[in-house]
Amino acid sequence: MNDIHAERAARGAAIVAAYLTLAPSHPGIADRVMRANWYVAEINATPQDPWGEGEEGLRDALVDVLHHADGWHTPNAVLDPAISAVDALPAGWAEAYRTYSTMPQSPTVDVPETDDLHDLRAIVGAATELLMAGPAQHPVTANGIADEAETRFLDEAEAARFGAIRTARHSATTATS
């Protein structure tokens, strides 16, 4: 498997692990947005882009989560419920965050009591927080970030699979020669 895919999957696993550890004690909307920013700044940083910021940083962290989920869950299985969770937030939540107003009450965050980093609920929870941070801070939608992340993930995953197949076929050819 391609090193980039493995590196991104490892960062995605770290994001999900942080979600499972931190989300139960800090469930508010503002907490979740700040946690998503922390994922980007502390976990998603790469040598190529150590200060990934803004919506691009959120998108890239979400791509990492999708790489982590790869092989266990499809992008749609992760993104559809995450988008639905953002859509279910109280009206005006993003505007309240941007203007430092009183935040509406956050719906209960269902953090699974598990240490399984491939639990779909844990992956969706981390993805939801990344999607929440987009519209809370930038003129983007959760759908827009999800679409960009899915496209980038599919391109990278396809390249990883192509490389793995090419390597396996090359190894098989040289073994029979």
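**Close-up 1. The side chains of Glu-129 and Arg-35 in polar contact.** In this predicted model, in which local features need pLDDT of at least 70, side-chain atom pairs count only at pLDDT 80 or more, and totals for chains, interfaces and linings use all residues, the side chain of Glu-129 makes a polar contact of 2.7 Å with the side chain of Arg-35. A polar contact is a pair of N or O atoms within 3.5 Å; within protein, one must be able to donate a hydrogen and the other to accept it, and residues adjacent in sequence count only if both atoms are side-chain atoms. Residues are numbered from 1 along each chain as its sequence is written, and side-chain values use heavy atoms, with hydrogens and water left out. Glu-129 belongs to helix α6, residues 120-137, where helices are DSSP runs of H or I with at least four residues, numbered from the N terminus. Its relative accessible area is 0%, so Glu-129 is buried (under 20% relative accessible area, with a 1.4 Å probe and protein chains only). Not counting residues up to four places away in sequence, Glu-129 touches Tyr-19, Ala-23, Arg-32, Arg-35, Ala-36 and Tyr-39, contact meaning heavy atoms within 4.5 Å.

**Close-up 2. Gly-134, a buried residue of helix α6****.** Gly-134 lies in α6 and has a relative accessible area of 0%. Residues up to four places away in sequence aside, Gly-134 touches Leu-58, Val-140 and Ile-145. Asn-37, although 97 residues away from Gly-134 in sequence, is 9.7 Å from it in space, C-alpha to C-alpha.

**Close-up 3. His-73 in the loop between α3 and α4****.** The loop that holds His-73 runs between α3 (54-69) and α4 (75-87). A polar atom of the His-73 side chain lies 2.7 Å from the backbone oxygen of His-118. Leaving aside neighbours within four places in sequence, His-73 is in contact with Val-78, His-118, Asp-119, Leu-120 and Ile-123.

**Close-up 4. The contact of α3 with α4****.** The axes of these two helices come within 9 Å and cross at roughly 135°, axes being lines fitted to C-alpha atoms, for helices over the stretch in contact, with angles that run from 0 to 180 degrees between N-to-C directions. That angle makes α3 oblique to α4; angles under 35 degrees count as roughly parallel, over 145 as roughly antiparallel, 65 to 115 as roughly perpendicular and the rest as oblique. Leu-62, Leu-66 and Ala-69 of α3 make the contact with Pro-75, Val-78 and Leu-79 of α4. By class, this contact has six nonpolar, no polar and no charged residues, where Ala, Val, Leu, Ile, Met, Phe, Trp, Tyr, Cys and Pro count as nonpolar, Asp, Glu, Lys and Arg as charged, and the others, Gly among them, as polar.

**Close-up 5. Helix α4 against helix α7****.** The axes of α4 and α7 come within 10 Å and cross at roughly 170°, which makes α4 roughly antiparallel to α7. Pro-75, Asn-76, Leu-79, Ile-83 and Val-86 of α4 meet Ala-142, Asn-143, Ala-146, Glu-150, Phe-153 and Leu-154 of α7. The contact of α4 with α7 has eight nonpolar, two polar and one charged residues by class. Among the buried residues of α7 are Ala-142, Ala-146 and Phe-153.

**Close-up 6. Leu-89 in the loop between α4 and α5 (93-98)****.** With 8% relative accessibility, Leu-89 counts as buried. Apart from residues up to four places away in sequence, Leu-89 touches Ile-29, Pro-107 and Met-132.

Definitions and conventions:
Buried means under 20% relative accessible area, exposed over 50%, partly exposed in between (1.4 Å probe, protein chains only).
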